[in-house]
Amino acid sequence: MLTRIDHIGIACFDVEETAGFYARTYGFEVAHTEVNEEQGVREAMLRVNGTDDGGATWLQLLEPVREDSAVGKWLAKNGEGVHHIAFGTADVDADSEEIGEKGVRVLYDEPRRGSMDSRITFLHPKDCHGVLTELVTAAGSSSRADH
Ligand code: CMX
Ligand code: CO
């Protein structure tokens, strides 16, 4: 079951400069930074609020580390802006399977590693009214014993 908005992914050219804007303008501080080579991004997570399901709500600032990455391609075409939304769930495996059975393309056979050791998958934007949609199980919030 999808229980919250986990994050909004925002594509930008310079993650530090963009994080500065969010700090100055809204007071949102960077809680975590990492480079995810598989996803081709340098990212900063800004915590917006906490929830009681083991996760929280974040803004995910994404700067491409490769031009041919998903975010790199998207930035070249669209410029900076909202790249995707992400819903939180305690069981990304079950939810992505159920959504896939409804005819929505799930981009990965198995969830992959996301920010802060979460487990993530994506739904194709063309099957979601133009919105690239990510499903996230935060580290430590899985309802399954084996994750
Ligand atoms: N939102 C909405 N539509 C999008 C989109 C996005 N973020 N990215 C691409 N599209 C649209 C394009 O506009 C294009 O539409 P048209 O054919 O009408 O022009 C179509 O999808 C195909 O786009 P493309 O530029 O040819 O890109 P690809 O098909 O190679 O890749 C996608 C699209 C969704 C499969 C790819 O971006 C992907 O695999 N995304 C998931 C991984 C990801 O985004 N990682 C970065 C974030 C990591 C994280 O959140 O941790
Ligand atoms: Co994301």
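Predicted model: local features only at pLDDT ≥ 70, side-chain atom pairs only at ≥ 80, totals over all residues.
View 1. F21 is partly exposed, with a relative accessible area of 34%. That value lies between the limits of 20% for buried and 50% for exposed residues, and F21 is therefore classed as partly exposed. Y22, by contrast, has a relative accessible area of 14% and is buried. Y26 is partly exposed, at 46%.

View 2. A pair of aromatic rings is described by the distance of the centres and the angle of the planes. The count of aromatic pairs comes to 5. Planes over 60 degrees apart count as edge-to-face. F21, Y22 and Y26 belong, together with F28, to one aromatic cluster.

**View 3. A charged group and an aromatic ring.** The ring of Y108 has the charged end of R112 over it. The distance from this charged end to the ring centre is 3.8 Å.

**View 4. The site of the cobalt ion (ligand 2).** Four residues coordinate the cobalt ion (ligand 2): H7 through NE2, Q60 through OE1, H84 through NE2 and E134 through OE. Along the chain, the donors follow the spacing H-x52-Q-x23-H-x49-E. Within this set, Q60 in strand β4 (residues 56–64) and H84 in strand β5 (residues 81–89) are 24 residues apart, and the pair links distant parts of the chain. Q60 and H84 are both buried.

**View 5. The largest pocket and its lining.** The volume of the largest pocket is about 670 Å³. Its lining consists of 28 residues, of which A70, W74, H83, P125 and L132 are the closest to the centre. At least two lining residues come from each of β3 (41–50), β4, α2 (70–78), β5 and β7 (119–123). The greatest contribution is that of α2, with 6 residues. By class, 13 residues of the lining are nonpolar, 10 are polar and 5 are charged.

Technical notes
Residues numbered from 1 in each chain as written. Chains lettered and ligands numbered in written order. Heavy atoms only, no water. Phe/Tyr/Trp six-rings, centres within 6.5 Å; stacked < 30°, edge-to-face > 60°. Buried < 20%, exposed > 50% of the residue type's maximum accessible area, 1.4 Å probe, protein only. Lys NZ or Arg CZ within 6 Å of the ring centre and 35° of its normal. Donors = N, O, S within 2.8 Å, 3.2 Å for Na, K, Ca; no water. Helix = DSSP H or I, 4+ residues; strand = E, 2+ residues; numbered from the N terminus. 1 Å grid on protein atoms, 1.4 Å probe; cavity = no way out; pocket = protein on both sides within 12 Å on 5 of 7 lines; lining within 4 Å. Points joined across faces, edges and corners; volume = space filled by probe spheres on them. Nonpolar A, V, L, I, M, F, W, Y, C, P; charged D, E, K, R; others polar.
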